[in-house]
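Q: I would like to learn how to read a protein model feature by feature. Could we go through one together, with the general idea before each case?

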Amino acid sequence: MPDHSPTQWPAETISALVDRFERPLLAYASRMLGGDWQEAQDAVQETFLRLCREDRQKIESRIAAWLFSVCRSRVIDMQRTKHSTPIDASKVSLADPAPDVSEVASDEEARHRLTEMVDQLSPRQQEVLRLRMQAGLSYREIAEVTGLTVSNVGFHLHEAVRNLRNSLAMS
């Protein structure tokens, strides 16, 4: 009789995936949760627990999109449970935990201005922009995470960049 059990993940593979994706997932979840770092940690922990139970062969080829999609679903479930209004992904900006002091002083104003400009984008544009720029996901992966089509992802990214460019030109 053939073995139909799921293909397990080696511990070193899980460890490498946690090393690679934990920080971007935490930033993504934290923004969606309005800066609630503990809730974001819970969502990311649940995401990795689900990964351990998932059949490796089914998701290995699309691991980044799968992780962000599961994390996004978990955050949405957490928001529903709290009976709160979902907060768009732009409400919190997280500083690098170990920034260079000279960079902080010289870049703070520009960073603040850019954050304000990104905050003016639609929630959908903010989400696809952050998934592309901060998480490094492909258009296909962003489409899988958000439920949009690949062409719709491209449209939202194009509009976000155009809006940011226009905002920079006016400032």
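Q: Which pattern does the protein chain follow when it is read along the sequence?
A: Helices (H or I, at least four residues) and strands (E, at least two) are DSSP runs, numbered from the N terminus. Here the pattern is α-α-α-α-α-α-α-α, and the protein chain has eight helices and zero strands. Please keep in mind that this is a predicted model, in which local features need pLDDT of at least 70 and side-chain atom pairs count only at pLDDT 80 or more, while totals for chains, interfaces and linings use all residues. Residues are numbered from 1 along each chain as its sequence is written, and side-chain values use heavy atoms, with hydrogens and water left out.

Q: At what angle do helix H7 and helix H8 pack?
A: Axes are lines fitted to C-alpha atoms, for helices over the stretch in contact, and angles run from 0 to 180 degrees between N-to-C directions. Helix H7 (residues 139–146) and helix H8 (residues 150–170) pack at an angle of about 100 degrees, and their axes are 8 Å apart. Angles under 35 degrees count as roughly parallel, over 145 as roughly antiparallel, 65 to 115 as roughly perpendicular and the rest as oblique, and H7 and H8 are therefore roughly perpendicular to each other.

Q: Which residues in H7 meet H8?
A: Contact means heavy atoms within 4.5 Å. From H7 come Tyr139, Arg140, Ile142, Ala143 and Thr146, which meet Val150, Val153, Gly154 and Leu157 in H8. By class, this contact has six nonpolar, two polar and one charged residues, where Ala, Val, Leu, Ile, Met, Phe, Trp, Tyr, Cys and Pro count as nonpolar, Asp, Glu, Lys and Arg as charged, and the others, Gly among them, as polar.

Q: Is Ala65 buried or exposed?
A: Buried means under 20% relative accessible area, exposed over 50%, and partly exposed in between (1.4 Å probe, protein chains only). Ala65, which has its place in helix H4 (residues 63–81), counts as buried because its relative accessibility is 0%. Leaving aside neighbours within four places in sequence, Ala65 is in contact with Glu141, Glu144 and Val145. Of the 171 residues of the protein chain, 37% count as buried.

Q: What is Asn163 in contact with, leaving aside its neighbours within four places in sequence?
A: Asn163, which lies in helix H8, is in contact with Leu121 and Gln125. Asn163 and Gln125 are 38 residues apart in sequence and 9.7 Å apart in space, C-alpha to C-alpha. With a relative accessible area of 23%, Asn163 is partly exposed.

Q: How many disulfides does the structure hold?
A: A disulfide is a pair of cysteine sulfur atoms within 2.5 Å, and the structure holds zero disulfides. Cys52 is partly exposed, at 38% relative accessible area, whereas Cys71 is buried, at 0%.
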